[in-house]
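Q: Please take a close look at the cross-links and side-chain contacts in the model shown below. I would like one connected account, with the criteria stated as you go.

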Amino acid sequence: CSVTLITNIGNDRCDGGEYNTEQCGWDGGDCVTYNEQYPDCDVDHPFRVGDGVCNGGQYNTEECGRDGGDCTGIEDYPDCEVDDPSELGNGVCNGGDYNTELCGWDGGDCAEFNAKYPNCKLRDSSTTFGSFGGEFGLC
């Protein structure tokens with residue numbers, strides 16, 4: 001087994017890649033459960049699958065169990081590419097890429113904003129409807 005950091009083998013974290021091979025004992029056993037649960041999940045950092053954070057992108061696929069269950073609830077938006085998919089449908093209207101048709105208008109959170117201010121777009125995800133206040137003349 002020839003890897004970059006030998007200390008990563010058997011450290012209770014599935015590092016994947018060069019570590020998750022038969023020669024390295026599936027990362028010293030760290031990747032056995034991952035390989036059994038997600039045999040077709042090909043991600044850069046397998047330890048992120050099921051870590052409690054919806055990582056989106058390549059992690060939010062059927063093969064990866066919707067990020068090990070972390071992305072459940074956003075299956076309706078498989079083509080939505082945002083930094084933090086857990087923000088979708090959380091009750092706060094986020095701007096930018098969240099408030100798009102692909103993301104279901106932020107999982108439905110922006111319905112009120114879009115109805116009230118149809119010609120106004122929140123510029124980025126840091127601007128939310130709750131902090132926005134169209135009455136302040138930003139639109």
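A: A disulfide is taken here as a pair of cysteine sulfur atoms within 2.5 Å, and by this rule the count comes to six disulfides. The model is a predicted one, in which local features need pLDDT of at least 70 and side-chain atom pairs count only at pLDDT 80 or more, whereas totals for chains, interfaces and linings use all residues. Residues are numbered from 1 along each chain as its sequence is written, and side-chain values use heavy atoms, with hydrogens and water left out.

The chain has six helices and zero strands, where helices (H or I, at least four residues) and strands (E, at least two) are DSSP runs numbered from the N terminus, and the pattern along the sequence reads α-α-α-α-α-α. Of the 139 residues of the chain, 37% count as buried, a term that stands for under 20% relative accessible area, with exposed meaning over 50% and partly exposed lying in between (1.4 Å probe, protein chains only).

Cys 41 and Cys 64 are both buried.

Cys 1 and Cys 24 are also joined by a disulfide, with 1.8 Å between their sulfur atoms; its S-S torsion is about 90 degrees, so the disulfide is right-handed. Here too distant parts of the chain are linked, since Cys 1 and Cys 24 each lie in the segment before α1 (25-28), 23 residues apart. Cys 24 is buried, its relative accessible area being 7%.

The disulfide between Cys 14 and Cys 31 has its sulfur atoms 2.1 Å apart, and with a torsion of about 105 degrees about the S-S bond, the disulfide is right-handed. It links distant parts of the chain, Cys 14 in the segment before α1 and Cys 31 in the loop between α1 and α2 (32-37), 17 residues apart. Both cysteines, Cys 14 and Cys 31, are buried.

A salt bridge requires a side-chain nitrogen of Lys or Arg within 4 Å of a carboxyl oxygen of Asp or Glu, and a search of the whole structure finds one. Asp 15 forms a salt bridge with Arg 13, and the closest N and O atoms are 2.9 Å apart. Asp 15 is buried at a relative accessible area of 9%, whereas Arg 13, at 37% relative accessibility, counts as partly exposed. The charged end of Arg 13 also sits over the ring of Phe 47, 3.8 Å from its centre; such a placement requires NZ of Lys or CZ of Arg within 6 Å of the ring centre and within 35 degrees of the ring normal.

The side chain of Asp 70 does reach backbone nitrogens: that of Asp 51 at 2.9 Å, and that of Gly 50, which lies 3.2 Å from a polar atom of the Asp 70 side chain. A polar contact is a pair of N or O atoms within 3.5 Å; within protein, one must be able to donate a hydrogen and the other to accept it, and residues adjacent in sequence count only if both atoms are side-chain atoms.

Finally, the structure holds two aromatic pairs. Tyr 34 and Tyr 38 form a tilted pair, 5.9 Å centre to centre with 50 degrees between the planes, and the other joins Phe 113 and Tyr 117, also tilted, at 5.4 Å centre to centre and 45 degrees between the planes. Rings of Phe, Tyr and Trp (its six-membered ring) pair if their centres lie within 6.5 Å, and planes under 30 degrees apart count as stacked, over 60 as edge-to-face and the rest as tilted. In the tyrosine pair, Tyr 34 is buried at a relative accessible area of 9% and Tyr 38 is buried at 16%.
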